[in-house]
Amino acid sequence: MLLVSRLFTFVRNKQKLKNMKILTRQSILQHRPTLISSIGFGVLRKLGPKRWFSAHSEEPELKELMEYMDSLKNYEKVGVPKGAGTDSDDGFDLGRMRRLMERLGNPQAQFKAVHIAGTKGKGSTAAFLSNILRVEGYSVGCYSSPHIQTIRERISLGRFGEPVSAKTLNCLFLQIKKILDQAMKHENGHISHFEIFTAMAFTLFARENVDIAVIEAGLGGARDATNIISSSGLAASVITTIGEEHLAALGGSLESIAMAKSGIIKHGCPLVLGGPFLPHIECILRDKALSMSSPVVSASDAGNQSTIKGISRMNGRPYQSCDLVIQIERDFKLFLELLDVKLCMLGSHQHQNAATATCAALCLRNLAHTKESANALVKRIKMTFGVAPLALVVAMASDKDHIGFAREFLSGGELEAVLLTEGDIAGGKS
């Protein structure tokens, strides 16, 4: 029942593997291939000279929300102030975001999250990871930015990762508007467009009772509005790449950018590195992880032998056929071999992003014995097999939530048999 073992089972089935599609950031983007460059997700929200898409005319149901959002300071449009993303006196006030979330009941404490930062590749990595988790039967919320046509693209939910519906988003806005108005008054109107929408996304994930949320940082990491997730709520941090982007906002050097993005590393939580990084930049990230007692998994580890075998077409669309071989020896011992994986997003950088997402998925294997994961598995079994007889083979360490796990399965229907196994763990059988 571990995530990794179910992933093994999934990829060994060649027919399922043939149908496996790790898709673009939102399924809506599949139908707009001409708008998406194969170089990644550095896509501006404008598609032509001075043309900005708006929900005003295309989605009248969001008119009130969009008018409210347009009244807020939007740093994506006006530019980010110097030093705003650094963990310094010039940085964004994360306390303001925490006060807003407290007014909303701290919804970010009600779900586990994977937090992804990086100069490039974080959106693609978030998409890959979200789809891996959805295929495994988990209820996943994904938050990313920017958007192309509608702000709804930033929040995806559901089995297929669809953008949140206009109706759901509008209902949420109307329900919390009074709280937002109070917070805005208390902060003298200084809450930004990104802060408000991040708060709405986290509130929605809590209300939808997602099993896990995949959160893409907006700018940097340390002072980003998404960086309010505590160590107890963080399943893993991911840093994809470090490059010279937003230099002024992030301190003016690669070293300061690395420091800013390392701000998402939390005490005791795994860190997944994408890369490859310059040696001294990787040292900065690893040193921060060491200071936080956070184990590190690198998708660029020398033991990883991942290759692109060629480009083909399926249903008229190009894809690259890849082998992903993950073999990690440091901190975690991880091994996984995925052969003939079809990636709809092309390029060696997307291959690297897929490897990074796979490493992150492997790091989440210890979440698979929670009652939430059991609930997700019960739903998947019901959906796939209906009322077929069910025999359960269980192997769980002594520190897992046995009662919660069992309760979810027993509430899901009749079990024909339960087989319990034991193995050598930490020097004993338990």
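Author: Start with the aromatic rings. This is a predicted model, and in it ring pairs link Phe-111, Tyr-143, Phe-194, Phe-202 and Phe-205 into a cluster.

Reader: How many aromatic pairs does the structure hold?

Author: There are 6 aromatic pairs. In general, the distance of the centres and the angle of the planes describe a pair of aromatic rings. Take Tyr-75 and Phe-92: their ring centres are 5.2 Å apart and their planes stand at 55 degrees, so this pair is tilted.

Reader: Which parts of the chain does the pair of Tyr-75 and Phe-92 tie together?

Author: Tyr-75 lies in helix α5 (residues 75–78), and Phe-92 in the loop between α5 and α6, so the pair ties together parts that are 17 residues apart in sequence.

Reader: Is Phe-92 buried or exposed?

Author: Buried means under 20% relative accessible area. Phe-92 has 18% relative accessibility, so it counts as buried. Tyr-75, at 23%, counts as partly exposed.

Reader: What kind of aromatic pair do Phe-111 and Phe-205 form?

Author: That pair is edge-to-face, with 6.0 Å from centre to centre and 85 degrees between the planes. Phe-111 lies in the loop between α6 and β1 (112–117), while Phe-205 lies in helix α9, so the pair ties together parts that are 94 residues apart in sequence. Both Phe-111 and Phe-205 are buried.

Reader: Next, the cores. Which residues of the largest nonpolar core touch the most other members?

Author: The general idea is that nonpolar side chains tend to be buried together in soluble globular proteins. Here the largest nonpolar core has 45 residues, and Leu-100, Ile-155, Leu-169, Ile-196, Met-200 and Phe-205 touch the most other members. Elements that each supply at least two residues of this core include α4 (63–70), α6 (94–103), α8 (166–186) and α9 (193–207). Helix α9 gives the most, with 10 residues.

Reader: What does Ile-196 touch?

Author: Leaving out residues up to four places away in sequence, Ile-196 touches Tyr-68, Met-69, Leu-72, Leu-100, Leu-180, Met-184 and Ile-191. Apart from this core lies another, of 40 residues, among them Tyr-138, Cys-142, Ile-212 and Ala-361.

Reader: How many bridges join strand β2 to β3?

Author: There are 2 bridges between β2 (residues 140–143) and β3, and the two strands run antiparallel. Tyr-143 stands opposite Ile-155 in β3.

Reader: What is the strand order in the open sheet of 3 strands?

Author: Its order is β9-β10-β11, and the pairing is antiparallel. The edge strands, β9 (307–314) and β11 (334–343), each pair on one side only. From one strand to the next, the twist averages 15 degrees. Strand β9 is joined to β10 (residues 317–328) by 7 bridges, and Ile-308 has Cys-322 in β10 as its bridge partner. Helix α12 (residues 348–363) packs on this sheet and touches β9, β10 and β11, its direction making about 45 degrees with that of β10.

Definitions and conventions. Residues numbered from 1 in each chain as written. Predicted model: local features only at pLDDT ≥ 70, side-chain atom pairs only at ≥ 80, totals over all residues. Heavy atoms only, no water. Pairing = 2+ DSSP bridges. Helix = DSSP H or I, 4+ residues; strand = E, 2+ residues; numbered from the N terminus. Axes fitted to C-alpha atoms, helices over the stretch in contact; angles between N-to-C directions. Contact = heavy atoms within 4.5 Å. Core = buried A, V, L, I, M, F, W, Y, C linked by side-chain atoms within 4.5 Å. Buried < 20%, exposed > 50% of the residue type's maximum accessible area, 1.4 Å probe, protein only. Phe/Tyr/Trp six-rings, centres within 6.5 Å; stacked < 30°, edge-to-face > 60°.
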